[in-house]
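Please open the model in your viewer and keep the selection tool at hand. The tour below moves from one selection to the next and says what is to be found at each stop.

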Amino acid sequence: MPANDSDDISADIAPAVGSIEGSVKPEDIIFISKPPQGTNKPDTLDIVSLSEETGEQGPAFKLSRTSVPNSSQWQPLLGEFLIEELPQYLKSGPSRHIHVVVSTGSGTGLSLKFYNSILQPLLESWGIRPLDPTAGLAERSKPSTYNLVITQDANSVRDFARNLGQTTQDTVQHTVVLLSGDGGVIEMLNGKAPVEGSDAGAHLPLVAILPLGTGNALFYSLHKTAKTAAGYPQPSGLVQSLRTLFKGRAAPLPSFKAEFSPGSRIISYTSPEEGDSSSAAEAESHADAVSHLYGAIVASYGFHSQLVWESDTPEYRKHGAKRFGMVAQELLKESHAYNAAVELARKDGSHRQKLDRDRHAYILTTMVSNLEKTFTISPSSKPLDGKLRLVHFGAVNGEKTMEIMMQAYGGGKHVEMKWTAEDGTEEKVGYDEAEVVKITTREEDARWRKVCIDGTIVELPQGGNMTVKTEDKPHLQVLVDKSVAG
């Protein structure tokens, strides 16, 4: 490996010597490197790969290094995978600080395991080591180091982001390797201190996402068009993220701003005890006033927001992505018709349009294509295109809602769906592009007044509204595959 003391460090990486056909799958390759000069293996290549297995104890990860002769048969792979030195965004120094943030509560809790077994030895193979937890701010400028942050509670990532710009000079750039789901990115987006000045874009924090959440909508959407070498299978999300970490490109992250009417509150839902009828009081104790939030994925009202809110309990979260299906079954039985007015417009107020219905099942604005790897909510959305799209349909029964959702798993075919309602009217899934979307709720029961902004639940007051607008300037940079950033 490229680090000078690679022989010692690579002991953490399981060696496998032999032909690639017998030891490494091309889709598992992270990168290929050449041994450092002065070693006793000058004519070899090191192929570093990640294999993933699911057993009774849950997912297992294995990092391997396969040494092969540097012969012509490997040339087709070198253009895709060869790394001769670290990218600048992973080199710490006085002008750039590197941070690794491990979100322990994301998904099913695999982030710390992945850091300990994969990311830490992988970084050490390049001579990059974590600073001591007691290290001062000045030590973050040391070469080949990073600041390790292991989250302690739900506020850790936002607190980290808030302190990022306040504790360093404006000339310092930050790379944040985030082992998290979508929530970690959104906490960064909302916690980050504003960057002012004509060159503000150059000093925005750069986030590298290692997708260890539940849906990982942002990561899979950003990498949906990532290209692989001809003839090779697509890698897993984690392999792709590590490829991007070492060979990616920075790009501005498109975002939106969701503004709420006075009286709106962020709700942290906790499930009341069996037989306890004080669910409203329980939610009240976890409510915080809010005027706006930034997002990069979705702002929704109706079935989607209800599903996110009612599945976000410790009991359900331990089931990972399966929890959504469990809660969905109950919501589909109720098939509540949400009473709301929905308006679309451009930022200058032109092209104003109001949906011609006041009962809705599904209202979702999005800046991404996928809510899960195989769930395509907005097939026209492209990585980094910065466009806000609205997916919506009127009140239908649970069977029809499920049919529509299943078509989203078919590459986004739901946006082409049309049907005849019981009263003979023609209905369809609406799919519109807009710069501004305003949703005004007319529900009396607080249960049906929840909106979702990238996983954060906000309760609107009676007659309250949410207005979603695309942001003109980015707040973060994100690392994407070189084929995506162009």
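A residue is called buried here when its relative accessible area is under 20%. With that in mind, and remembering that this is a predicted model, select helix α6, residues 182–191. Within α6 the buried residues are Asp182, Gly184, Val185, Ile186, Glu187, Met188, Leu189, Asn190 and Gly191. Because nine of its ten residues are buried, helix α6 is largely enclosed by the rest of the structure.

Before the next stop, zoom out to the whole chain. The protein has 14 helices and 29 strands, and 52% of its 486 residues are buried. Of the contacts between residues at least 6 apart in sequence, 74% join residues at least 24 apart.

Next, select the largest nonpolar core, which has 52 residues and in which Met188, Leu218, Ile297, Tyr362, Leu371 and Phe393 touch the most other members. Helix α7, residues 217–222, gives this core its largest share, five residues. Colour Ile297 and display what surrounds it: leaving aside neighbours within four places in sequence, Ile297 is in contact with Asp182 and Ile186, with Ala217 and Leu218, with Phe256, with Thr365, Thr366, Met367, Val368 and Leu371, and with Asp454. Apart from this core lies another, of 35 residues, and Leu50, Ile98, Trp126 and Leu206 are among them.

Now move to a pair of helices, α10 (residues 303–310) and α12 (residues 322–334), which pack with their axes 9 Å apart and at an angle of about 125°. That angle makes α10 oblique to α12, and the crossing of α10 past α12 is right-handed. To see the contact itself, show Phe303, Gln306, Leu307, Val308 and Glu310 on α10, together with Phe324, Val327, Ala328, Leu331 and Leu332 on α12. Eight of the residues in this contact are nonpolar, one is polar and one is charged.

For the last stop, select Val396, which sits in the loop between β21 (388–394) and α13 (398–408). Is Val396 buried or exposed? Its relative accessibility is 16%, so Val396 counts as buried. Not counting residues up to four places away in sequence, Val396 touches Ser335, Ala361, Thr401 and Trp419. If you then draw a distance from the C-alpha atom of Val396 to that of Leu332, 64 residues apart along the chain, the separation is 9.7 Å; Leu332 is also one of the α12 residues in the contact with α10.

Notes
Residues numbered from 1 in each chain as written. Predicted model: local features only at pLDDT ≥ 70, side-chain atom pairs only at ≥ 80, totals over all residues. Heavy atoms only, no water. Core = buried A, V, L, I, M, F, W, Y, C linked by side-chain atoms within 4.5 Å. Buried < 20%, exposed > 50% of the residue type's maximum accessible area, 1.4 Å probe, protein only. Helix = DSSP H or I, 4+ residues; strand = E, 2+ residues; numbered from the N terminus. Contact = heavy atoms within 4.5 Å. Axes fitted to C-alpha atoms, helices over the stretch in contact; angles between N-to-C directions. Parallel < 35°, antiparallel > 145°, perpendicular 65-115°, else oblique. Left-handed = near helix turned anticlockwise from the far one by under 90°. Nonpolar A, V, L, I, M, F, W, Y, C, P; charged D, E, K, R; others polar.
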